[in-house]
Amino acid sequence: MKLTLADLKRGERGIIKDFSEENIPLKLLEMGCLPGNEVQMLQMAPFRDPMYLNINGSHLAIRKEIALLIEIDLIS
Amino acid sequence: MAKQINVALIGNPNTGKTSVFNQLTGLNQKVGNYPGITVEKKEGICKLPRGLKAHILDLPGTYSLNASSLDENVVIELLLNKSDKDYPDVAVVVSDVENLKRNLLLFTQIKDLGIPTILVINMADRMERKGISLDVDLLEERLKTKVTLVSARKNTGIDELKEAIINYRHISDEPCVNASIIAPEYFDRLRKAFPNQSLYKLWLVITQDVNFGNINRNEISSSELFETKSHTELKKLQHKETILRYQFINGVLKETMKVDASSAKDLRSRLDRVLTHKVWGYAIFFGILLLIFQAIYSWSSYPMDLIDETFAFLSEWIKTTLPAGAFTNLIAEGIIPGLGGIVIFIPQIAFLFFFISILEETGYMSRVVFLMDRIMRKFGLSGKSVVPLVSGTACAIPAVMATRNIESWKERLITILVVPFTTCSARLPVYLIIIALVIPDRAVWGFNLQGLTLMLLYLLGFGVAIGSAWILNLILNIKNRSHFVIEMPNYKLPMGKNIAINVVEKTKSFVFGAGKIILAISIILWVLASYGPGDNFNNASEIVSEQYDEQSNITEDELDEEIASFKLKNSYIGIMGRGIEPVVAPLGYDWKIGIAIISSFAAREVFVGTLATIYSVGSDEEETIKNRMAAEINPILGGPLFTFASGVSLLLFYAFAMQCMSTLAIVKKETNTWKWPVLQLVVMTLFAYFVALAAFQLLK
């Protein structure tokens, strides 16, 4: 199964691999959510939604439904 | 005299752009609106060395030139329209040293428009603490611009920035990134079709859905020289453009910026662990709300009492000093109580904005959005609805405007529709005076009962707002696609200057905006209460004297009071009031409250002023509004008019009824149809009526 942003546990890091472009808001790309960039899970609200992430140095919160669209490689 | 230099301040949200603006202009600023839209326009004059001046325009915060909201449209419209009088001679892009990479995206876009652009790196005082070092000279070379390190907080670097603004002509207007390589053929055709236009401008005109001054969108798309790309293709190209820009930025920063993570002390993650915690986060948020409402209640009661008494005294003083007559009465009974009804709001509004701006300045508000999003979504709202709902406690108008950053139309519309249920500051004086009349001033378990009642009313407002959101979420059939993205800014100590300016601005706009309506209505009411038709009004003293002829034990004063109240009853307003009394009597009100309710459909805050005006007509005693109200007698049931039952009924009516023309107007503007404001007016007011009716009938 593909690993997505939504699978990260608190404190874990990953590298953004790919995402389906049409469904990702442009704003997220502008904030640095681009393939090749590093992402770390910082906090999760109850029910793991929304998620508070550090993407490429930007601190952002996004909903789980968007996180599910972003494929990553886990950094161990 | 030299011409003023036009400067546009541009930057991402949370970069301290407003702090830089405040440092440049001081109190020498004014806040208005862009013509035709409700986006706030902040501008100011900055004194530069050598007798020069700059006109500084603080544009709304934006992450890029790809507009997704009204606020962001303003930025692009200005930057693409050379004939606009505010078109900048020089753009100042404010960035935050910790988020430089992301901030530079916007910088490169503006640079590509061919506008001389200064890069301000703000919060430079944090560099050492975060282990960041910058090669400024190399950065200037790579970005082809002037870079200034500024700390708005420590007030350093501002003089350098002013110097850079003076020398703006020496800044290169060459672009950093050649965006046309994302689709060479397409851009080639564009260049041939419009040889006189800047290519990047054309690209923005094609991709942005905004109005442009001098370039016609249709002209471009109807041109036969090339076919317009489809929406998805354009979006793909925008993605490509963003990636291209980041490649450039990453390259530049690799050479010029070093971050030594080991020396960074991370307060943020420690604070976040507590403030966004699954249990503590919510407990702290609730605690903060409790603290704010207790503070507003206990702190503002002193200045409010003082204001109330001062105006009562002033009224009396005018009456005894000026020669008696209609003019004196107009001032003493119409204008002064009316003005008092405005001034009495100032303490609470100031305190409320004080707290709200602290929550925003510190970065805490974003944590609240994060914590609340999932819960709010259950009710069809967004985490971002928390900000409008909280600012709704100040005033529904800025709250409705604050919904603009909610990405989903359905979530945004529901937020707009339910925001007027939150307890705005205009309800506060009504609540305060009625609570003071019907709730005992006692402490239970250390909490003041009156303060608790007030908090309960705030919670009730939120509760009904959220409940109706839930219903609307079920009823409204709108396709919903959420693009929720929110930045979590770093924690900062709030800056006193920013908070002070914000409090002063908001209070001023209330006093002069709502104040005019209140004053006008007060004067109209005074006229209606002081004149009446027919014999009953004109011969009031004879009629009343005859009635009391046989009872010789009535004193002169009592007789005067009887005459005054008889006159009021037969004045124009008395006749109108008695006309609606049957409608409001089941709620426990008399005709005077009925009049106050009618006049508060213009604006709620008129209620206290109206009662003040009605009760002062004919009254000689120097008395506060509260005392006059406490002495009123219920015309049908006898006994005091303001009992626990009628008080609760009034509180509930004011909690739910839609009584604010300005809110209706802003909702119409933001939703672009009368459908939603009319729905609000009808549904909320009917709901208020029946709840108040039930409360009075059950409690009496």
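## Strand pairing across the chains

A:Leu60 has B:Glu487, in strand 12 of chain B, as its bridge partner. The model is predicted.

## Contact between chain A and chain B

On the side of chain A, 27 residues take part in the contact, and on the side of chain B, 30 residues. Elements of chain B that give two or more residues to this side are helix 3 (100-111), helix 9 (231-256), helix 14 (364-378) and strand 12 (485-487). Helix 9 of chain B gives the most, with seven residues.

By residue class, the side of chain B that touches chain A holds twelve polar, ten nonpolar and eight charged residues.

## Domains of chain B

The domain assignment divides chain B into domain 1 (5-170), domain 2 (280-475) and domain 3 (514-699). Between domain 2 and domain 3 of chain B, the C-alpha centres are 23 Å apart. Their contact takes 41 residues from domain 2 of chain B and 44 residues from domain 3 of chain B.

## The domain 2 side

Six helices of chain B each supply at least two residues of the side of domain 2 that touches domain 3: helix 11 (280-321), helix 12 (326-343), helix 16 (396-401), helix 17 (409-418), helix 18 (427-438) and helix 19 (449-475). Helix 12 of chain B gives the most to this side, with eleven residues.

The residues of domain 2 of chain B that touch domain 3 of chain B comprise 29 nonpolar, seven polar and five charged.

Technical notes
Residues are numbered from 1 along each chain as its sequence is written. Chains are lettered from A and ligands numbered from 1 in the order in which they are written. This is a predicted model: local features need pLDDT of at least 70, side-chain atom pairs count only at pLDDT 80 or more; totals for chains, interfaces and linings use all residues. Two residues are in contact if their C-beta atoms, placed from the backbone, lie within 7 Å. Helices (H or I, at least four residues) and strands (E, at least two) are DSSP runs, numbered from the N terminus. Ala, Val, Leu, Ile, Met, Phe, Trp, Tyr, Cys and Pro count as nonpolar, Asp, Glu, Lys and Arg as charged, and the others, Gly among them, as polar. Two strands pair if DSSP finds at least two bridges between them. Domain bounds come from an automatic or database domain assignment.
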